[in-house]
There are 2 protein chains.
Amino acid sequence: MTKRNRRDVFRLGAAAGATVIAGSVRGARGAAPPADNAWSNSLGHGVDGKPYGSPSPFEKSVVRRYVPWLSPTRDADASMTPLQDQPGIITSNGLFFERYHAGLPQVDPKAFRLMISGRVKRPLLLTLDQLMRYPSVSRIHFIECPANGATEWPAAQLNSLQLTHGMIGCAEWTGVLLSTLLDEAGLYSDSRWVCATGSDGAHMNRSLPMMKCLDDCMIAWGQNGEAVRPEQGYPARLVVPGWQGNVNVKWLRQIEVGPEPWMTREETSEYSELLADGTSLGFTWVMDAKSVITFPCPERPLTQGPGFYEIRGLAWSGRGKVRHVDVSLDGGVNFQRARLDHPILDKCLTRFTLPWWWDGKDALIQSRVTDETGYVQPTIVQKHRFWGADPVYGNNAIQTWQVLASGAVNNVQLS
Amino acid sequence: MTKRNRRDVFRLGAAAGATVIAGSVRGARGAAPPADNAWSNSLGHGVDGKPYGSPSPFEKSVVRRYVPWLSPTRDADASMTPLQDQPGIITSNGLFFERYHAGLPQVDPKAFRLMISGRVKRPLLLTLDQLMRYPSVSRIHFIECPANGATEWPAAQLNSLQLTHGMIGCAEWTGVLLSTLLDEAGLYSDSRWVCATGSDGAHMNRSLPMMKCLDDCMIAWGQNGEAVRPEQGYPARLVVPGWQGNVNVKWLRQIEVGPEPWMTREETSEYSELLADGTSLGFTWVMDAKSVITFPCPERPLTQGPGFYEIRGLAWSGRGKVRHVDVSLDGGVNFQRARLDHPILDKCLTRFTLPWWWDGKDALIQSRVTDETGYVQPTIVQKHRFWGADPVYGNNAIQTWQVLASGAVNNVQLS
């Protein structure tokens, strides 16, 4: 295992008798500056053009996508974030994955009410303005659907980073800690569980143990510089850092407190894992550590021939911070330690990179994260040993991308 | 000076014989859950609705705005970020302030070329694909126009947070360190300055000393989860962390290396400060530490009567990290230490909050940042003592908001 720093990149490049990357463009030596394009010789549109901006028209293929056969209807379905186009840890609000149980409700913020009820001393009924008066925090966290990667349990099925890993997004969430509201409402000694309910047509509801509610849960009204997006629960959603997406209830309407879990449909028939003995494993809340290489990937092949490339990817853990990421170029036989970009935050995406001199031959590239608890991302073989009989959720296995001599990249599974 | 923690908030509230915030809604005790709205009894649109999302239609007033009289034309003008609607440290790409010298060029990424030329051993001419192959980093930094607050030098003129402080934005920038490209091109002992030129109609160009170029400058192709926005320099811009916005050259086209600064129009006639003796102060690159209260503010008055509110704001420094922020409720006589949200990053916005029990009387609220170098944000009176004769740039003075008994908030200047 070799660790290389940035200086080494160029030293090795020099040893090979050429500048590492731009060798192919050294003909530019002494060249004139690039010719003026039309936009360099004219006035562009002014500041009255777009009060709310949008991406360049040349980026119009960068969109969320869904798998038509994954669900019988689009209103109980998911779309995926284009991770192959996400440069860093923040997911653009416009590209943040969607997951609906009854479609997207258009909530009028003036009609928004949040009720804190059940086993509390002082039930509360809050307008949005009242909710926003409470002491607030702002934190960057990922949210991932536990079904992220579900299609890949039996075999490598979808030749796409977006469709195999894109049910995740990461944003700066701003709002009120749930503990603040529960303090205000006042708990009893048997106020041990909370049921969060959304105002969508599915009345999506999930039980949460009080320990997590008093830890780091928040009711967010802000997302990456603006109000929480409609797709993410406008005007307010629950954020349960590191726990599976569906408990981060969107379009939040009620927080009920009680002594026991509610055993709702969404935690009995759904979001539980059928085991080999016919029983069901529920309340598998925490998203275990996971990572994936975002470049190269099926959507982003190597188009410039052999030579230097930077392997880039994202890693995360629902249990805390990323400790390190290892990258393999030979299907998991040898690993090298990747460089991590700062900040490295709790329950947040972490970006990693590794310099790579591609020799133009087939390669099997993988990333493997270790989180601060010491948990190591498993292989799909290891996962199958310990997980459900015909699993849907919880696929955090190491992803293998096969790089072909042509530069094309395929999704493969190693047995 | 009293420091209060969150538990104290509620203890004090209880002492006053009422829950602090929700006292007015205690009638909700035992109330039924909020009535179902139309969106709770119907299917919303599915995941095929918006491949690229947009804010709720109820947020349509959250937009960039400009001051019509600030510039004779819109294509050499600036629009401002609505900081009153920015919940955290990340600025939404759609709301990031604009500053054009010849309007917004629509650059075709296939025609993009970046030339590294002048006093270098190996001139480079790179396509966008080649640029993106280089080792990359991802970092969250603010960018601020040095004219931010220019209208407020003589007196409190614009009764608006957005228009007095909104020429700033903060994003996760992803790209290549300039030092990486300069290493690749190879420097001589007299390669002491760099001139960065944009491909817009203004051919906007600025000189930068090599020390900064080899420190933390980057050529960014990513912004908050997607390609750099057109308004921010698509497909690639220079990011010069902590330095005034205009040197962060957008739509970048050339990096020229030489022994001396170029003394371009933009650093002689523009972006320099006329002094009382008739000389001009140029190369005032670093954005000194600054902070502002974003709630309450003229656009966000206190609409719910006396009682608990959380003062919220943003602080930053072009010299490094924010060390602490102090808030005054009496026009700068007494200050209390504010709470800072993490992460606290280098040359990045930092969010601060302070709990406040408003007694319903007039108040003069201020924030004052101290950065990690020990620099303390000055008053406007102090600034006038040491700054230009009729200043345009560099207004980082403490902002005073006057809160009236009605809850309305005005921009005022204390002499």
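Student: Leaving aside its neighbours within four places in sequence, which residues is G169(B) in contact with?

Tutor: In this predicted model, where local features need pLDDT of at least 70, G169(B) is in contact with T81(B), T91(B), F96(B), F97(B), F142(B) and I143(B), contact being defined as C-beta atoms, placed from the backbone, lying within 7 Å. Residues are numbered from 1 along each chain as its sequence is written, and chains are lettered from A in the order in which they are written.

Student: Why is G169(B) called buried?

Tutor: The term requires 20 or more other C-beta atoms within 10 Å of the residue's own, and G169(B) is called buried because 30 other C-beta atoms lie within 10 Å.

Student: What makes strand β12 of chain B largely enclosed by the rest of the structure?

Tutor: Of the 7 residues of β12(B) (residues 252-258), 6 are buried, so the strand is largely enclosed.

Student: How do you know that β12(B) pairs with strand β7 of chain B, and in which sense, parallel or antiparallel?

Tutor: Pairing asks for at least two bridges found by DSSP, and β7(B) (residues 193-198) is joined to β12(B) by 6 bridges in the antiparallel sense, with L252(B) as the bridge partner of G198(B).

Technical notes
This is a predicted model: local features need pLDDT of at least 70, side-chain atom pairs count only at pLDDT 80 or more; totals for chains, interfaces and linings use all residues. A residue is buried if 20 or more other C-beta atoms lie within 10 Å of its own, exposed if 12 or fewer, and partly exposed in between; C-beta atoms are placed from the backbone. Two residues are in contact if their C-beta atoms, placed from the backbone, lie within 7 Å. Helices (H or I, at least four residues) and strands (E, at least two) are DSSP runs, numbered from the N terminus.
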